[in-house]
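Visitor: I have a new model on my screen and would like a guided walk through it. Could you take my questions one by one?

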Amino acid sequence: MYDELFTPVNIGKITVENRTIFPPISTNFGKEDGHLTELFMRHYETRAKGGVGLLIIENSCVSFPEGKHGAYEPRIDSWEFYEDWKKLAERLKRYDSKISVELTHEGWKKKGVGFLSEDKIEEIIEKYGTAAEIACKAGFDMVEVQGAHGLIVNQFLSPLTNNRKDKWGNPLEFAIAIRKEIEKRCGSDFPVTIRLAVDDFKEGGITLEDGRKIAQVLQEHYDMIQADIGLGPKEYRLEPISFKQGWRSYLAEKIRPLKVPVAAVGMIREPDVALDIIKNKADLVVLGRTLIADPYWPIKVKEGRIKEIRRCIGCSECIKARHDEDTRIRCGANPQVGMEIDIEPALDKRTVVIVGGGPAGLEAARVSSIRGHNVHLFYDEFGGTLNIAKVPPGKEKLGWLIEYYKNELAKYDNLELHHKRALKQDVLELNPDVIILATGSRPFIPCPPMHNFVYLYGDILRGEVKFSGKKIAVGGGGLVGCETANFLAEDNEVILIGRAPEVAFKVETLTRKHLIRELEEKGVKIMTSTEIVDISRSGEIVIEQNGNQMIVEADALIAAFGSRPFVPFTVENVPTHIIGDAKSVRSIYAATSEGSRVAVSI
Ligand SMILES: Cc1cc2nc3c(=O)[nH]c(=O)nc-3n(C[C@H](O)[C@H](O)[C@H](O)COP(=O)(O)O)c2cc1C
Ligand code: SF4
């Protein structure tokens, strides 16, 4: 059914076996000094094993230190790093994927490129040549020039950052000069592709019409073009969960037809979406976070094992790690990211009893089952809190993780599912060697629920209590409070009351920005640094802000004040692990990674 995704395509003189690309995704798995690590190599080896057509290594620095883009960015600016690249290429060449590396120079986004001397520009161009020569000699099939995302090539292309009056004022000159320098060093048979800003997504910048013209010229110099976004807001190129799949594939469609292949990028998650793009809009599809969450997506699709795909759920944990914290990337759906270990069969088969069917318990059950233990999983509701987390607008992708585990856990004969809330007695009757308590959390309620006035956010998101055309106050400015307000604001007037100076302050920056904008667009009134001090049955909420007390009148108050760990019982004399929210309330990543780690250790 997906055959068209698996037809070969030529990039210059190189034939790529299928239409999928793993794009550059900085991992921070490298060393601070720019050398590559074992983890770095394994991470890419896993993706090559998964069957991707073209694998592009993350942004690598062509000019150190001025062009460095990220604390652990790999360096490809000097022959000192050649052996690292050679070793990586040798390891990746064991698989069928063609391999490339993204050549990057940070540039001067704020200042623009107007101040650079011509000598300096020539020097940078030569550095691209050296970097490409290192890649070529090391065994890479091609290189990619980063010409988007506001980095140096984009800065030359964009009228917002290039006001030069000399020949470099021609926006295309720099990109063309880089290509020529690479050709001089590596020969004309060595393909060079470009990740191109075909639209800056910023007023006064490159428009899609400009982008189309730029692509027309660059098709004479580059062997493939990825239709990407320029120096505008990051949220359009690292889009949060609520963006529609393949939403920006129109960029590729609009610059076609070209005589070189064009790739579409952004939120392409499911094979049907990828296939539709290949049929109608682009020659190749870029699968970034898609292959972080499941490196085996290409093989699974080729073999028709669609239900086995662990789809990227858009939790943005990877972006939080890379961009908010500049630390190693991690993945909420795939805890193997950053570990890259093979799950080995256990030497001693044990009886493992897991209590809790949220992401922590489900992942612990999956990994324990793969390892061959005799596993029992008790669950009250399969998926746990994911069932309500997926309800607010744009969050339905979270439900994909539940579907994945449903399919996955049905495979194992050594796993018994018990659809019931486990009592201590139930657990002990199974004579467990190890117990895993993944019992999650319970909402924190500073005041008791009051009939007809105070309700729990869970009741709202489960649809047990419904409001329409009412004035609703939501208490709690964390992610849950914001999402509940967003959900209610579809049909009601909503006031969001949070204690902290900012709402959703722990949430990944781009997701947070997007969520707040959505709340504002829906007219949600956001009150920060505000304490709820009293509630009356008649619908008066007394709040305090900056020492002043006020009354908010509402038809209901929804308690979304966060949650507390819930551990219903403990068992003496049996080794017990408490994981996920039951240990401390955190992210999906904390849940799945603890589930995986504990199961690997048994
Ligand atoms: C954690 C993270 C790191 C990224 N690092 C790079 C990078 O090094 N170079 C680059 O050009 N794009 C980078 N990107 C952008 C991706 O290559 C890709 O364009 C983007 O994630 C959208 O595609 P997707 O929805 O398939 O993930 C990064 C994205 C993420 C999520
Ligand atoms: S961390 Fe979340 S957003 Fe990033 S790849 Fe994994 S599931 Fe997708």
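Visitor: How many bridges join strand 7 to strand 8, and do they run parallel or antiparallel?
Guide: Keep in mind that this is a predicted model. One bridge to look for pairs Ile194 with Ile225 in strand 8. Strands 7 and 8 run parallel, and the number of bridges joining them is five.

Visitor: Which residue of strand 7 is the bridge partner of Val143?
Guide: Strand 6, residues 143–147, is joined to strand 7 by five bridges, and the two run parallel. In strand 7, the partner of Val143 is Val192.

Visitor: How many of the eight residues of strand 7 are buried?
Guide: Strand 7 covers residues 192–199. Buried here means a relative accessible area under 20%. Strand 7 is largely enclosed by the rest of the structure, because the number of its residues that are buried is eight of the eight.

Visitor: Is His149 buried or exposed?
Guide: You will find His149 in the loop between strand 6 and helix 4, residues 152–157. Its phi is positive, about 55 degrees, although His149 is not a glycine. With a relative accessible area of 17%, which is under the 20% cut-off, His149 counts as buried.

Visitor: What is the relative accessible area of Ser316?
Guide: Ser316 sits in the loop between helix 10, residues 297–302, and helix 11. Phi of Ser316 is near 65 degrees, a positive value in a residue other than glycine. Ser316 is buried, and its relative accessible area is 5%.

Visitor: Which elements give two or more residues to the shell around ligand 2?
Guide: Ligand 2 is surrounded by 13 residues, and the closest are Cys312, Cys315, Ser316, Cys318 and Cys331. The elements that give two or more residues to this shell are helix 9 (289–293) and helix 11 (317–324).

Visitor: Why is the pair of Trp108 and Phe115 called edge-to-face?
Guide: The whole structure holds 15 aromatic pairs. In the pair of Trp108 and Phe115, the ring centres are 5.4 Å apart and the planes stand at 85 degrees. An angle over 60 degrees is what the label requires, so this pair is edge-to-face.

Visitor: Which charged residue sits over the ring of Phe115?
Guide: Phe115 is partly exposed, at 43% relative accessibility, whereas Trp108 is buried, at 19%. A charged end sits over the ring of Phe115, 4.0 Å from its centre, and belongs to Lys111.

Visitor: What kind of pair do Tyr236 and Trp247 form?
Guide: Ring pairs link Phe201, Tyr236, Phe243 and Trp247 into a cluster. Tyr236 is partly exposed, with 22% relative accessibility. The rings of Tyr236 and Trp247 have centres 6.2 Å apart and planes at 55 degrees, so the pair is tilted.

Visitor: Which residue of strand 23 stands opposite Ile472?
Guide: Strand 17 also pairs with strand 23, residues 556–559, in the parallel sense over four bridges. The residue of strand 23 opposite Ile472 is Ala556.

Visitor: What is omega for the cis peptide bond that joins Arg256 and Pro257?
Guide: Another cis bond to look at joins Phe64 and Pro65, with omega about 0 degrees. Pro257 lies in the loop between helix 7 and strand 9, residues 262–264. For the cis bond of Arg256 and Pro257, omega is about -5 degrees.

Notes
Residues numbered from 1 in each chain as written. Chains lettered and ligands numbered in written order. Predicted model: local features only at pLDDT ≥ 70, side-chain atom pairs only at ≥ 80, totals over all residues. Heavy atoms only, no water. Phe/Tyr/Trp six-rings, centres within 6.5 Å; stacked < 30°, edge-to-face > 60°. Buried < 20%, exposed > 50% of the residue type's maximum accessible area, 1.4 Å probe, protein only. Lys NZ or Arg CZ within 6 Å of the ring centre and 35° of its normal. Near = heavy atom within 4 Å. Pairing = 2+ DSSP bridges.
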